[in-house]
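The exercises below are to be worked with the sequence and the coordinates at hand. Each task is followed by a solution in steps.

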Amino acid sequence: MRCSKKYTILAGLWFSKQKPTMTTYLRPLVNKLNYLYTNGLEVYTPSGVMQIHCMILMCAADLPAKAKVANCVQYNGYYGCNTCNIKGTVIGHTVYWPFDPSATLRTHDEVLKCATEATKNGEAVTGIIGTPILSLHPPFDTVCGMVTDLLHCGYIGVAKITIAALVLCKKTAPRIQHLQQGIKLKIYTQSYTFIYASADKQM
């Protein structure tokens with residue numbers, strides 16, 4: 001039902017050869033949300049008039065759009081994670097993030113502090129480029145509110161690689177280590193058959 005045109009609200013359109021500047025594109029939305037959050041709106045119900053206040057708690061977007069909305073570096077750059085402060089390591093021409101138990105989680109206040117410093121100095125601070133537009137909406141948490149894109153990061157991302165490593169490969173542990181080292185770059189775009197054959201052939 002939620003995919004039906006009848007229940008779809010067109011929030012806006014962007015026509016350009018470049019991706020939208022989120023501080024411009026989302027400013028009207030944030031202004032309206034702030035008004036509804038502060039003043040609310042009257043809703044007429046069978047039991048009487050109710051005053052309802054609106055707010056946005058979560059934002060879901062694919063990774064390139066997420067970086068734009070959060071005003072941070074993309075997933076393929078240093079400090080590309082908007083959840084923790086892991087820097088990442090370059091292997092070949094790609095940045096990877098091996099598990100680091102010393103990495104700290106980001107907080108909303110920390111992001112705003114880094115955004116202020118980045119704006120002042122003109123360069124990113126731990127991956128934060130500037131003030132996230134949604135941080136101008138008081139209830140929104142710029143860390144917890146930017147939720148994971150389940151489709152790309154889960155179903156056709158981590159889940160696909162994990163299933164291939166754990167189920168389709170005969171030598172699971174070496175294969176996982178092989179993935180962590182970032183040697184097999186083509187695994188992200190090839191089929192499971194390719195992964196299985198390559199794993200047996202190379203290990």
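**Exercise 1.** Locate Thr-142 in the chain, decide whether Thr-142 is buried or exposed, and identify the side chain that it joins in a polar contact.

*Solution.* 
Step 1. Thr-142 is placed in the loop between α4 (108-121) and α5 (150-168). Helices (H or I, at least four residues) and strands (E, at least two) are DSSP runs, numbered from the N terminus.
Step 2. The relative accessible area of Thr-142 is 6%. Buried means under 20%, exposed over 50%, and partly exposed in between, with a 1.4 Å probe and protein chains only; Thr-142 is therefore buried.
Step 3. Contact means heavy atoms within 4.5 Å. With residues up to four places away in sequence not counted, Thr-142 touches Asn-82, His-108, Val-111, Pro-132 and Ser-135.
Step 4. The side chains of Thr-142 and His-108 are joined by a polar contact of 3.0 Å. A polar contact is a pair of N or O atoms within 3.5 Å; within protein, one must be able to donate a hydrogen and the other to accept it, and residues adjacent in sequence count only if both atoms are side-chain atoms.

The conventions are as follows: this is a predicted model, in which local features need pLDDT of at least 70 and side-chain atom pairs count only at pLDDT 80 or more, while totals for chains, interfaces and linings use all residues. Residues are numbered from 1 along each chain as its sequence is written, and side-chain values use heavy atoms, with hydrogens and water left out.

**Exercise 2.** Determine which residues of α3 are buried and how they are arranged around the helix axis.

*Solution.* 
Step 1. The buried residues of α3 are Lys-66, Ala-67, Val-69 and Ala-70.
Step 2. Viewed down the axis of α3, these residues fall within an arc of 165 degrees, so they line one face of the helix. The arc is that of the directions from the helix axis to the C-beta atoms.
Step 3. The general rule is that an α-helix has 3.6 residues a turn, so residues three or four places apart point the same way.
Step 4. The cover over the buried residues of α3 includes α1 (22-25).
Step 5. At the N-terminal end, α3 is capped by Asp-62, with a side-chain oxygen 3.1 Å from the backbone nitrogen of Ala-65.
Step 6. Just after α3 comes Asn-71, which has a positive phi of about 55 degrees although it is not a glycine.

**Exercise 3.** Characterise the surroundings of Val-90 and the exposure of Pro-101.

*Solution.* 
Step 1. Val-90 belongs to strand β3 and, at 40% relative accessibility, is partly exposed.
Step 2. Apart from neighbours within four places in sequence, Val-90 is in contact with Tyr-78 and Val-95.
Step 3. Pro-101 is located in the loop between β4 (94-96) and α4, and its relative accessible area of 65% makes it exposed.
Step 4. The C-alpha atoms of Pro-101 and Ile-86 are separated by 9.4 Å, the two residues being 15 residues apart along the chain.

**Exercise 4.** State the place of Met-58 and summarise the secondary structure of the chain.

*Solution.* 
Step 1. Met-58 is in the loop between β2 (48-52) and α3 (63-70) and is exposed, at 57% relative accessibility.
Step 2. The chain has 7 helices and 4 strands, in the order α-α-β-β-α-β-β-α-α-α-α.
Step 3. Of the 203 residues in the chain, 30% are buried.
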